[in-house]
Amino acid sequence: MSHSISSPSRRSVLLGSAGLITAGSIFRFPTPAIAQGAPLKVGFMLPYSGTFAKLGKFIDDGFRLYVEQQGGTLGGRRVEYVQVDDESKPESATDNMNRLVGRDKVDLVVGTVHSGVAMAMVKVARDTNTMLVIPNAGVNEATGPMCAPNIFRTSFSNWQVCEPMGKVMFDAGHRKVVTITWRYAAGQQMVGAFGEGFKKAGGEIVEDLALPFPEVEFQALVTRIATLKPDAVFAFFAGGGAVKFVKDYAAAGLNKSIPLYGAGFLTDGTIEAQGASANGIKTTLHYADNLDNPANQKFLSAFKAKTGSDGDIYAVQGYDAGALLNAGLTAVKGDWSARTELVKAMRTAKIESPRGPMSFNAAGNPVQNVYLREVRNGRNELVSIAGQAVNDPARGCKVS
Ligand code: PHB
């Protein structure tokens, strides 16, 4: 049943059961085109300010680009937006999410970037049975112990993009590595996953360095790395913080003596601002700028035409959130209330993403390639596939 005829016909059927309206009367109401029905209200809860501001903007732009390519619709439903700036502040996250769900009455929420904020969103989404599509935050729990049928991710898990780097760095001959990150869920889980892969391969973590999110006073930690003289460094920073870290690392001359590796967020969406200091950094991520597939070419040229900027992983993740919802809504002919069927269609969606093929595991996390990239010529260029169709283990997830 389509959304647009569901209200009158259901009411009619109820009355009909009391013998007041015959089945024939249902057909007196002409069926309007689905796109003319009530719009689908999408709540964006993203960082539009702070160190992750650019990341939030690119997710928003990527999602809107996908919808524009469908004539302003998803599965035939017109789309309208409500935006909340979450400022990457976990302490405001529950209120922000409740405002979107309770006051603005959005049909679904797309958000966010920061793992700590996402955890609060997941709790509200579970309590209110609100559909949540996470277009970045990698917090393992969202598709682990906190998994639920109404929670999806079009990005990655913190484990997924970093575990494969352990073997990559060991195979490159590195044996003693220092890690450095912000002290919060994403940083700790990414560094932990890298360490899991690296120790399994036979490597040793010499020291884990960290500073509070979103601080950027890196000097003391950079000095500590120079003192420890590891074979290499593995880092997670993103957005404005990643720009500063990569510049500080190069300014101290460490890029000449201690190779810098990281999760791909270190150099994605930040590479232009980092300039020559990013040259040679190797990272793992579920995307590379020069992936040679038709979906990536189409996406990059359309994103450039719309925004004037080069697309990056954040824009891709927003774009694919649109693609996932479109797959679900198309299967139910725009009927958002057909939740069971909608969720099933989304869980089984196969998307030809700019990142390559993307499907979903039972916990709602993407199954996808993880690429080794190197910064060359101001781009994150593909070196090799570090992991083919990598599936997060979804530890602790009870939904099937
Ligand atoms: C996160 O907090 O999960 C996070 C933030 C920024 C990124 C990646 C992950 O670029």
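This is a predicted model: local features need pLDDT of at least 70, side-chain atom pairs count only at pLDDT 80 or more; totals for chains, interfaces and linings use all residues.
Which two residues form a disulfide, with their sulfur atoms 2.2 Å apart? Have a look for them while I get going.

Okay, the pair is C147 and C397. If you search the whole structure, you find 1 disulfide, and the one that C147 and C397 make is right-handed, with 85° about the S-S bond.

Now let's go to the ligand. Where does it sit? In the largest cavity. There are 16 residues around the ligand, and the ones that come nearest are V113, S115, G138, Y184 and Y314.

What kind of residues make up that shell? By class, we've got 12 nonpolar and 4 polar residues, and no charged ones.

Let's zoom in on the oxygen atoms of the ligand. Start with Y314: a polar atom in its side chain lies 2.6 Å from a ligand oxygen. With G138 we're talking backbone instead, where an N or O atom lies 3.0 Å from an oxygen of the ligand. V113 also uses a backbone N or O atom, and here the distance to a ligand oxygen is 3.4 Å.

So how much of the ligand does the protein bury? Taken alone, the ligand exposes 280 Å², and the protein buries 100% of that.

To wrap up, keep two pictures in your head: the C147 and C397 disulfide, and a ligand sitting in the largest cavity with no charged residues in its shell.

Notes:
Residues are numbered from 1 along each chain as its sequence is written. Side-chain values use heavy atoms; hydrogens and water are left out. A residue is near a molecule or strand if one of its heavy atoms lies within 4 Å of it. A polar contact is a pair of N or O atoms within 3.5 Å; within protein, one must be able to donate a hydrogen and the other to accept it, and residues adjacent in sequence count only if both atoms are side-chain atoms. Accessible areas come from the Shrake-Rupley method with a 1.4 Å probe; for residues, only the protein chains shown count as cover. On a 1 Å grid over the protein atoms alone, a cavity is a set of points where a 1.4 Å probe fits but cannot get out, and a pocket is an open set with protein on both sides within 12 Å along at least five of seven lines; lining residues have an atom within 4 Å of a point. A molecule sits in a cavity or pocket if more than half of its atoms lie within 2 Å of its grid points. Ala, Val, Leu, Ile, Met, Phe, Trp, Tyr, Cys and Pro count as nonpolar, Asp, Glu, Lys and Arg as charged, and the others, Gly among them, as polar. A disulfide is a pair of cysteine sulfur atoms within 2.5 Å.
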